[in-house]
Amino acid sequence: ARPLVGKGRSRILPPMSYSIIDRDVGPDPDYQPPGKGKYEYKGKYKECEGLYKMYYSCQKENSFGRYFGACSQAKSELDQCNIAQLKNRRKAAFLKSKEKNAKWNAYLAEKRKQKNEGDGK
């Protein structure tokens, strides 16, 4: 154990779990990322999943042409789908918050009514 002085008091740290030499060796050559090295991009919205797959397959197929607009049509369709889904989510969240506010205002009105009845007696 090695002492560490900080903020006016000393405390004991556990021994280092690895040496400096271990860090210099580099990453484990046998490491396999999850999914056995295959990474499949998943989109934010399930409704646009087909467009995501189409766009990213276009990106893979046109490794150089994608810089010159080979996948721009797929990208614009994907963007339109994402914008539409975002609008739908916002609308649903707004309606949910309206319902929640209506319940809360009814609850507050009931509490005020009970308080006024209690004061009147």
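A residue counts as buried when its relative accessible area is under 20%. Gln85 has a relative accessibility of 15% and therefore counts as buried. The model is predicted, and its protein chain contains 3 helices and 2 strands. Of the 121 residues in the protein chain, 12% are buried.

**Overall fold and surface**

- Along the sequence, the elements of the protein chain come in the order β-β-α-α-α.
- Contacts in the protein chain between residues at least 6 apart in sequence include a 33% share that joins residues at least 24 apart.
- The protein chain has an accessible surface of about 11,200 Å². Carbon and sulfur atoms account for 55% of that surface.

**Gln85 in helix H3**

- Gln85 is placed in helix H3, which spans residues 72-120.
- Leaving aside residues up to four places away in sequence, Gln85 is in contact with Tyr45, Glu47 and Cys48.
- Gln85 is classed as buried because its 15% relative accessibility falls under the 20% cut-off.

**Aromatic pairs and the ring of Tyr55**

- The structure has 3 aromatic pairs. One of them joins Tyr55 and Tyr56, whose ring centres are 5.0 Å apart.
- The planes of Tyr55 and Tyr56 are at 75 degrees to each other, and the pair is edge-to-face. That label applies because planes over 60 degrees apart count as edge-to-face.
- The two partners fall into separate accessibility classes: Tyr55 is buried, with a relative accessible area of 12%, whereas Tyr56 is partly exposed at 32%.
- Tyr55 also has a charged residue over its face: Lys75 lies there, at 5.4 Å from the ring centre.

- Phe64, Tyr67 and Phe68 make a nonpolar surface patch of about 440 Å².
- Phe64 has a relative accessible area of 58% and is exposed, because the exposed class begins over 50%.
- The 58% relative accessible area of Phe64 is also over the 30% that a patch residue needs.

Methods
Residues numbered from 1 in each chain as written. Predicted model: local features only at pLDDT ≥ 70, side-chain atom pairs only at ≥ 80, totals over all residues. Heavy atoms only, no water. Helix = DSSP H or I, 4+ residues; strand = E, 2+ residues; numbered from the N terminus. Buried < 20%, exposed > 50% of the residue type's maximum accessible area, 1.4 Å probe, protein only. Contact = heavy atoms within 4.5 Å. Areas by Shrake-Rupley, 256 points an atom, 1.4 Å probe, with all protein chains shown as cover. Patch = residues over 30% accessible without salt bridge, like charges linked within 9 Å, V, L, I, M, F, W, Y side chains within 5 Å. Salt bridge = Lys/Arg side-chain N within 4 Å of Asp/Glu carboxyl O. Phe/Tyr/Trp six-rings, centres within 6.5 Å; stacked < 30°, edge-to-face > 60°. Lys NZ or Arg CZ within 6 Å of the ring centre and 35° of its normal.
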